[in-house]
Amino acid sequence: MTCSTQSLLQASERIGAIANDEAVCRAGVSRAYYASYHCCRKYYASLPYLGRLIGNGVHEQLINSLCHPSDKLTINARARSAAIGKYLRIACTARVHADYTLDKPLAHEGMQEALLTAQTIFKACAAE
Amino acid sequence: MKLVPETRSSEIVEQLNEITGRGWYVDGNTFEMRKLRREIEKVRDVNAAIGWALLGSYAAISGDIAEVERCFNASMRLEEITTTHGNYHSTLGNLGYFSKAHQYFRDSGRPETGRFSQISQYAERMGSFQTVVAYDQEAREMNIETPTIHGASVHAAAVLARAGVSDEQVVSHLDAAGEVLRRHHMFYGQEIEIKVADFDGEFTGVTCVFSVLGSPDEVFELNVALAAVEDEFCVQKHPAFDVIFLPV
């Protein structure tokens, strides 16, 4: 791998640090999501049993697989997978807003929220 | 004469809202709470229906649902006050009883009852998305003045209807979050935030966000607890809908 998931997160944090207009905030949200997506993909692949594959496209499928983990996992592992899935879902919702709904404003606070969500995902996945 | 208790009751409501906004249940035995209770009892001496309703809201800040029910029932038996119905409904939501709140809205918030405007402003944020939109349509056909429904709630109703997710499924999922909050003696922020993504081929779904006090790590653990309760309650989870706690 030539670029680590951690590098993507750091890139989103650097974008966040210089964001002084809405377009850059949108870029920060988008980068934070993709950092989270790749981090979650690695986490998901590391699970001993995989969840249910539901939905269209890789993003929806990963979110749903995390949120609907395999019954073979321990109760705690199931709950942690579903919790991480919830965060990825929020990150994805923010990314869809940032990249596709230009008619709805995206404030600096929205980008800060997205960065915090990504940081939480990284911490949670690293703890597993 | 009536102006005095009404004005005082507004101040008491503000105080109750402020206490709820602190994020945690309170102990009814503190000096502050006993003083507040005495003030409410004075209001009840002048206007029993308003006083009982305030006592219901007072009971909610220490999480006592049985007392909430008893006090609001007493108030509603005495006098028909639209605000009381709205406050009872929102109190159920504050304590995390969303299925109960939804059922109450379905029965008591129909446009013909005259309470739709009052209750719908809370119901649209408490998972009754499609019912609010349907009642709003009925109200318009009846030429009843209707409140403005937030765009996110209308959008959520459309996305969930398309996905075949009913209000009942939504509120039973919200109940799981309510259970976690009750176990931790917590309140959420004033309103549940409705986040909707609806872009074909990318991601489509509705997420209800409860803002709660706590560090990011603590709130993550609250989400782990939520996921465990969803399992415990056998919540019928649907990809189009989910619930999350996020730090304030």
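This is a predicted model: local features need pLDDT of at least 70, side-chain atom pairs count only at pLDDT 80 or more; totals for chains, interfaces and linings use all residues.
Residues are numbered from 1 along each chain as its sequence is written, and chains are lettered from A and ligands numbered from 1 in the order in which they are written.

Chain B holds an open sheet of 3 strands in the order S1-S2-S3, with mixed pairing. Strand S1 (193-199) and strand S3 (241-247) are the edge strands, each pairing on one side only. Strands (E, at least two residues) and helices (H or I, at least four residues) are DSSP runs numbered from the N terminus, and two strands pair if DSSP finds at least two bridges between them. On average, neighbouring strands of the sheet are turned by 25 degrees against each other, direction ignored; the axes are lines fitted to C-alpha atoms, for helices over the stretch in contact, and angles run from 0 to 180 degrees between N-to-C directions.

S1(B) runs antiparallel to strand S2 (residues 203-212) of chain B, and 7 bridges join the two. In this pairing B:Asp198 has B:Thr204 as its bridge partner, and B:Lys195 stands opposite B:Thr207. The two strands form a hairpin with 3 residues between them, and B:Gly201 in the turn has a positive phi of about 90 degrees. S2(B) and S3(B) run parallel and are joined by 7 bridges. Here B:Thr207 stands opposite B:Asp242 in S3(B). Of the 10 residues of S2(B), 9 are buried (20 or more other C-beta atoms within 10 Å of the residue's own, C-beta atoms being placed from the backbone).

Chain B is assigned domain 1 (1-79) and domain 2 (161-247), with bounds from an automatic or database domain assignment. The domain centres, taken over C-alpha atoms, are separated by 29 Å. Contact (C-beta atoms, placed from the backbone, within 7 Å) links 6 residues of domain 1 with 7 residues of domain 2. The domain 1 side divides into 2 nonpolar, 4 polar and no charged residues; Ala, Val, Leu, Ile, Met, Phe, Trp, Tyr, Cys and Pro count as nonpolar, Asp, Glu, Lys and Arg as charged, and the others, Gly among them, as polar.

Between the chains, the contact takes 25 residues from chain A and 19 residues from chain B. On the chain A side, helix H3 (57-67), helix H4 (75-100) and helix H5 (108-127) each supply at least two residues. H4(A) gives the most, with 13 residues. By class, this side has 12 nonpolar, 8 polar and 5 charged residues.

Key:
Two residues are in contact if their C-beta atoms, placed from the backbone, lie within 7 Å. A residue is buried if 20 or more other C-beta atoms lie within 10 Å of its own, exposed if 12 or fewer, and partly exposed in between; C-beta atoms are placed from the backbone.
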